[in-house]
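Subject: Handing over the structure

Hello,

Here is the structure I promised to pass on to you.

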Amino acid sequence: MNLNPLPSTISRNGGCTLTGALAVTTSVRDSITIIHGPDGCSHHNFSLLHATLLDNDCMTVPRVMSSGLGEHEVIFGGEKALLNAIHRAAEEQPGIIFVLSTCITDTIGDDVAGICGHAGVPVSLIPGSGFLGGNFETGFSNALMALSDTIRTSTGPPLPGSREKNGLVNLIGEKNLEYEVEQNFAEIKRLLSLLDMRVHVRFVHKSSVNELGTLPDGSLNIIREPSLTHVGDYLQKLFGIPYVNSFPVGMTGTLLFIGETAKKAGISEEEPVQKERESQQQMLDEFSDLAGKRVSLPLLPGSPGYREICEVMDAAGLMVETGGIDLPVPIPFPVGTAGISRMLHGWRRVLS
Amino acid sequence: MKQIALYGKGGIGKSTTSANLSAALAEKGLDILQIGCDPKRDSTRMLMQGRFIPTVMDFVRTGGETEIHLEDIMFTGYRGVRCVEAGGPEPGVGCAGRGIIATFQILERLGALKGDIIVYDVLGDVVCGGFAMPMREGYAQEVYLVTSGELMSLYAANNICKAIKRLSVRAKNQCRLAGVICNAKNMEREEELVREFSKRINSRLIRFIPRDRIVQLSELHKKTVIEYAPESPQAEVYRCLADDVSSNERFTIPTPIEIDELESLAFDHI
């Protein structure tokens, strides 16, 4: 998340598992998410999501509900409360109901999976208890995995034989709470257009259940970042779709991304890579005024993004010196050439 | 006011011992409250002529705890012993431990925790924090371990020692081990073994209760031995236990032993 990078290891990725899962489920437009736990779990997460979405100029109110567990349910079991919540949600006729288990329901051992049957609409269970060692990322990944299963259940197994290379690309695991989610999307779209490919399903970003159901029609998946590689593997297993395991990061990284995507799609990479190399040079030319400025390296060797930052500094002719001006580093590292351009704009503001 | 708790392996005879102890204490003219802290809810049955009394959790389940009155959950049994059962969820759902905690809060609120002696009869295995509740917050300050000479029973008793020891380091905790009650299974050298075990865990054998058919007979008649066969030698043993308990002032922090030591101890007493 790059809203407010903190000078420490604290990040939203280490937060509540529910928040991670909700970052996915609340982006399914016609869904309702039930948090099977005390009201506070819902309230806290709702507020956080709502505030973040507003910050990203998104006025949608997340559709989140609580099964409202109290001490009574903790002692006697919360299964009935969950059933009631599912029935209430089903009355709204959503395309899908997500049920998130919480720390307390996994502690008392509610048979949540046993209850999440079909309620007129598909009900998808997402494990959400963070005390089992999970965090934001786990919840995010759990949601994508559960949703993959739901799609598989509704579409059935893929037809045998190799998939047609149709140029349709699914984006897997976009960071919906990230400030730059749409800009990153636009950059991917631009890079894919160099290959005559286009985005098919955004899994998941403001998607409907029906749209998500067409995911198996795509012939390539692009995963947001390597921490979700297992989701890529899983989708490959379920639907036979190959994947590229990260959005492009860094200048060389972006060229490699084009190369890999081309290879996976069975297209020649030479021309599009050359085109992008030229665009990158053009971009750097726009920042020629930065050359020779004294800066200090904002990252430690070995930290994520270090290599890519050095590459950009080097290409822009910045001089790394002790006592140089500290540069802001966006976290996570910006996507593609456009992301680097945005970063350089930021640096220019600091340096001029 | 004395507050004592009986802990021990399931089926070892905690409830039988508790009920007879309460009956014998009541005979001495003391005001006794016995609280069954086990979802099985059968702790006080023999004091209530075989009746399963409604439990605190029954009321919470059906009525909502705001409406609870003392008379809904506290029943007077043999010789005025006041009986309470915590109860709990159906087997296999929810959290029985939290049920015990909630029960204590309700009893506290209703002002039920008073009398000369409160006897807490607790589930055999202290499987979670809830079942350690009677040992916490200053409720039971004197814990008695009920065990036979069987290895698994000693093992359970030893585990409870671990819980007491752990709690005892907390500044405000007053829970101590008050002694070991041997509810005999008629094994060879059983008394000797349990006496030695008690010594090893830094405690002592308070009373050896021999196995006697009269206990089963009394239970079949839905009474305590004290009530059904007041003249029997067994009733006398329970009366002695009541004397032991009411006059006991030797409380220790236990020193649980390792499983190897426990096993070799059992070996030595074959």
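What follows is a short tour of what was found, one region at a time.

Please keep in mind that this is a predicted model.

Which of its residues are buried?

Pro334(A) is 97 residues from Lys237(A) in sequence, and their C-alpha atoms are 30 Å apart in space. After α10(A) comes Gly240(A), with a positive phi near 70 degrees.

Helix α13 of chain A, residues 306-316, can be read in a similar manner. Its buried residues are Glu308(A), Ile309(A), Val312(A) and Ala316(A). Here too the arc around the axis is only 100 degrees, which puts these residues on the same side of α13(A). Their cover includes α11 (251-265), α12 (270-286) and α14 (336-351) of chain A. Just after α13(A), Gly317(A) has a positive phi of about 75 degrees.

On the α11(A) side, the contact is made by Met251(A), Thr254(A), Leu255(A), Ile258(A), Gly259(A) and Ala262(A). On the α12(A) side, the residues are Pro272(A), Val273(A), Glu276(A), Arg277(A) and Gln280(A). By class, this contact has 6 nonpolar, 3 polar and 2 charged residues.

Helices α5 (residues 151-168) and α10 (residues 259-268) of chain B pack at about 145 degrees, with their axes 11 Å apart. Their crossing is right-handed. Leu151(B), Leu154(B), Tyr155(B) and Asn158(B) of α5(B) meet Leu262(B), Glu263(B) and Ala266(B) of α10(B). The contact of α5(B) with α10(B) has 5 nonpolar, 1 polar and 1 charged residues.

**Where the chains touch**

How many residues does each chain bring to the contact? Chain A gives 7 residues and chain B gives 10 residues. On the side of chain A, the largest share, 5 residues, comes from helix α3 (residues 71-76). The side of chain A that touches chain B has 4 nonpolar, 2 polar and 1 charged residues.

**Loops in chain B**

The loop between α6 (190-200) and β8 (205-209) of chain B holds Ser203(B). Ser203(B) is buried, because 26 other C-beta atoms lie within 10 Å and 20 or more are needed. Leaving aside neighbours within four places in sequence, Ser203(B) is in contact with Leu177(B), Gly179(B), Val180(B), Ser198(B), Thr252(B) and Pro254(B). Asn202(B) is in that loop between α6 and β8 too, and its phi is near 65 degrees, a positive value in a residue other than glycine. With 15 C-beta neighbours inside 10 Å, Asn202(B) counts as partly exposed.

In the loop between α4 (96-109) and β5 (117-122) of chain B you will find Lys114(B), which counts as exposed with 10 C-beta neighbours inside 10 Å. Lys114(B) and Lys2(B) are 112 residues apart in sequence, with a C-alpha to C-alpha distance of 9.3 Å.

**Backbone details in chain A**

The peptide bond from Phe203(A) to Val204(A) is cis, with omega near 10 degrees. A cis peptide bond also joins Ile331(A) and Pro332(A), with omega about -5 degrees. Finally, Gln93(A), in the loop between α4 (79-91) and β3 (96-101) of chain A, has a positive phi near 50 degrees.

How values were computed:
Residues are numbered from 1 along each chain as its sequence is written. Chains are lettered from A and ligands numbered from 1 in the order in which they are written. This is a predicted model: local features need pLDDT of at least 70, side-chain atom pairs count only at pLDDT 80 or more; totals for chains, interfaces and linings use all residues. A residue is buried if 20 or more other C-beta atoms lie within 10 Å of its own, exposed if 12 or fewer, and partly exposed in between; C-beta atoms are placed from the backbone. Helices (H or I, at least four residues) and strands (E, at least two) are DSSP runs, numbered from the N terminus. The arc is that of the directions from the helix axis to the C-beta atoms. Two residues are in contact if their C-beta atoms, placed from the backbone, lie within 7 Å. Ala, Val, Leu, Ile, Met, Phe, Trp, Tyr, Cys and Pro count as nonpolar, Asp, Glu, Lys and Arg as charged, and the others, Gly among them, as polar. Axes are lines fitted to C-alpha atoms, for helices over the stretch in contact, and angles run from 0 to 180 degrees between N-to-C directions. A crossing is left-handed if the near helix is turned anticlockwise from the far one by less than a right angle, and right-handed if clockwise.
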